[in-house]
Amino acid sequence: MLKKLFQSFRLPSRRFPHPRRTPEILTSRQHSLKRNEISRYAVSVVERLQHAGYEAYVVGGCVRDLLLELEPKDYDVATSATPEQVRAEFRNARVIGRRFKLVHVHFGREIIEVATFRANHPEPDEDADAGQQASRHESGRILRDNIYGTLEDDAQRRDFTINALYYDPSTERILDHTHGVHDIRNRLIRLIGDPTQRYQEDAVRMLRAVRFAAKLDFEIEKHSAAPIRQLAPLLRDIPSARLFEEVLKLFLNGRAERTFELLLEYDLFAPLFPASAEALEHNPEYTGTLIRQALANTDLRVRQGKPVTPAFLFAALLWPALPARVLELQERGMPPIPAMQEAAHDIIWEQCQRIAIPKRFSIPIREIWDMQERLPRRHGRRADQLLENPRFRAGYDFLLLRESAGEETDGLGDWWTDYQEASDSERRSMIRDLSSKDDGSGAPRKRRRSGRKRRGPASDAPAAAD
């Protein structure tokens with residue numbers, strides 16, 4: 001496909017250490033991108049800014065995706081106009097952001113993101129003013145990024161060459177300052193500029209390199225890949241809320257399993273999931289199988305257009321760290337269920353220090369794990385109460401995931417599969433059969449009754465330890 005797209009445009013295969021100041025210009029005959037393939041709202045924003053006397057282009061991932069015959073997720077525009085000037089041109093626009101100020105132009109449910117041309121940050125020195133010094137962290141990470149520049153400056157400060165292509169819908173030309181078309185043709189993810197410096201400016205670029213490589217089935221160019229393992233610990237300095245958003249992008253793009261392999265290859269998994277990385281080291285077969293199976297299931301659901309909940313995904317990624325914690329607490333004398341609850345709380349709390357998982361996901365994670373303790377307890381009315389629990393389906397699916405990774409549950413998954421499909425009389429028979437077996441799978445023990453009448457457990461609360 002790529003050979004056909006660029007059959008009239010050829011560059012020799014070589015390393016490009018420096019972006020060019022004068023762009024390579026591809027006319028409509030030299031590329032496959034057509035004006036009518038682009039969002040009409042993006043075209044409208046570009047043309048309106050151009051008519052107002054500003055430079056403006058459709059830029060970035062949407063241009064890349066269209067050249068690869070992929071459907072763009074959204075559309076970005078780059079312009080010489082400042083955010084305030086863009087805002088003045090559009091009544092349906094608002095300025096957002098502090099670290100990186102942007103303008104969102106709203107057209108119903110579609111948003112066109114407009115950014116002013118940026119320039120690279122000068123290296124701070126003793127003579128730099130306080131504002132310049134404050135724009136960088138001592139590690140080199142950029143704290144604020146509102147230094148404006150020219151189109152050439154903007155191209156050189158973008159992260160990857162394949163994201164630095166500018167399309168002018170008025171002339172239908174592509175401007176390529178960084179040999180991005182060459183790298184698309186050769187299926188390469190190449191960082192613009194010195195890789196070490198660019199990763200130090202923003203360590204998330206290492207995750208983006210992995211994400212694009214997995215999503216597009218590209219390779220990370222060797223000079224861009226070389227510093228990643230050494231600089232991976234820089235991810236610990238990234239705000240946890242930002243990492244949550246980046247992790248969702250990593251694992252919800254339909255190539256989660258491939259993404260996981262690349263994260264391991266470049267030592268990026270441990271800074272994101274330290275407890276899970278430790279479990280992977282101590283029990284690689286079980287941990288690797290469970291995580292890979294969960295990610296493969298996620299990829300399948302994404303391809304089928306089915307919803308994917310981050311709660312289930314994080315529950316699978318973190319679960320392998322749980323058994324060892326539970327066992328440790330039990331060895332200190334804590335009963336099984338309280339040990340499970342405390343271990344779950346600790347693991348999620350520790351993980352949130354790295355990746356800020358919102359409560360709307362962290363609470364369901366604990367409920368999914370809690371179901372793993374409750375599903376074996378099926379006697380009396382408990383089985384029917386569990387079926388009515390809103391988290392039953394997620395808990396049941398998670399049980400099957402554990403079994404697919406090799407956990408022995410004495411046929412628990414098959415039992416619940418049959419129970420869901422059985423008639424009422426068949427279900428009663430299945431419960432009676434449980435009572436006749438001495439298999440230890442949740443059979444209640446006799447205990448002394450108190451003088452007060454016992455109340456059954458609520459359907460959304462953990463069952464009492466028997």
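Biologist: Which domains does the lining of the largest pocket draw at least three residues from?
Modeller: This is a predicted model, to start with. The lining takes at least three residues from domain 1 (21-121 + 145-186). Domain 2 (192-238) also gives at least three.
Biologist: What volume does that largest pocket have?
Modeller: About 1800 Å³.
Biologist: And which residues are closest to its centre?
Modeller: Asp76, Glu113, Arg208, Arg211 and Lys249. The lining has 47 residues in total.
Biologist: How do the lining residues divide into nonpolar, polar and charged?
Modeller: There are 23 charged, 17 nonpolar and 7 polar residues in the lining.
Biologist: Which helices and strands each supply at least two residues of that lining?
Modeller: The helices are helix 3 (61-67), helix 9 (204-216) and helix 12 (240-251). The strands are strand 3 (75-79), strand 5 (102-107) and strand 6 (110-116).
Biologist: New topic. At what angle do helix 15 and helix 16 pack?
Modeller: Helix 15 (residues 274-282) packs against helix 16 (residues 284-303) at about 130 degrees. Their axes are 5 Å apart. That angle makes helix 15 oblique to helix 16.
Biologist: Which residues make the contact?
Modeller: Helix 15 uses Ser276, Ala279, Leu280, Glu281 and His282. Helix 16 uses Pro284, Thr287 and Gly288.
Biologist: How do the residues of that contact divide?
Modeller: Into 4 polar, 3 nonpolar and 1 charged.

Conventions: Residues are numbered from 1 along each chain as its sequence is written. This is a predicted model: local features need pLDDT of at least 70, side-chain atom pairs count only at pLDDT 80 or more; totals for chains, interfaces and linings use all residues. Side-chain values use heavy atoms; hydrogens and water are left out. On a 1 Å grid over the protein atoms alone, a cavity is a set of points where a 1.4 Å probe fits but cannot get out, and a pocket is an open set with protein on both sides within 12 Å along at least five of seven lines; lining residues have an atom within 4 Å of a point. Grid points are joined across faces, edges and corners, and a volume is the space filled by probe spheres set on the points. Helices (H or I, at least four residues) and strands (E, at least two) are DSSP runs, numbered from the N terminus. Ala, Val, Leu, Ile, Met, Phe, Trp, Tyr, Cys and Pro count as nonpolar, Asp, Glu, Lys and Arg as charged, and the others, Gly among them, as polar. Domain bounds come from an automatic or database domain assignment. Axes are lines fitted to C-alpha atoms, for helices over the stretch in contact, and angles run from 0 to 180 degrees between N-to-C directions. Angles under 35 degrees count as roughly parallel, over 145 as roughly antiparallel, 65 to 115 as roughly perpendicular and the rest as oblique. Contact means heavy atoms within 4.5 Å.
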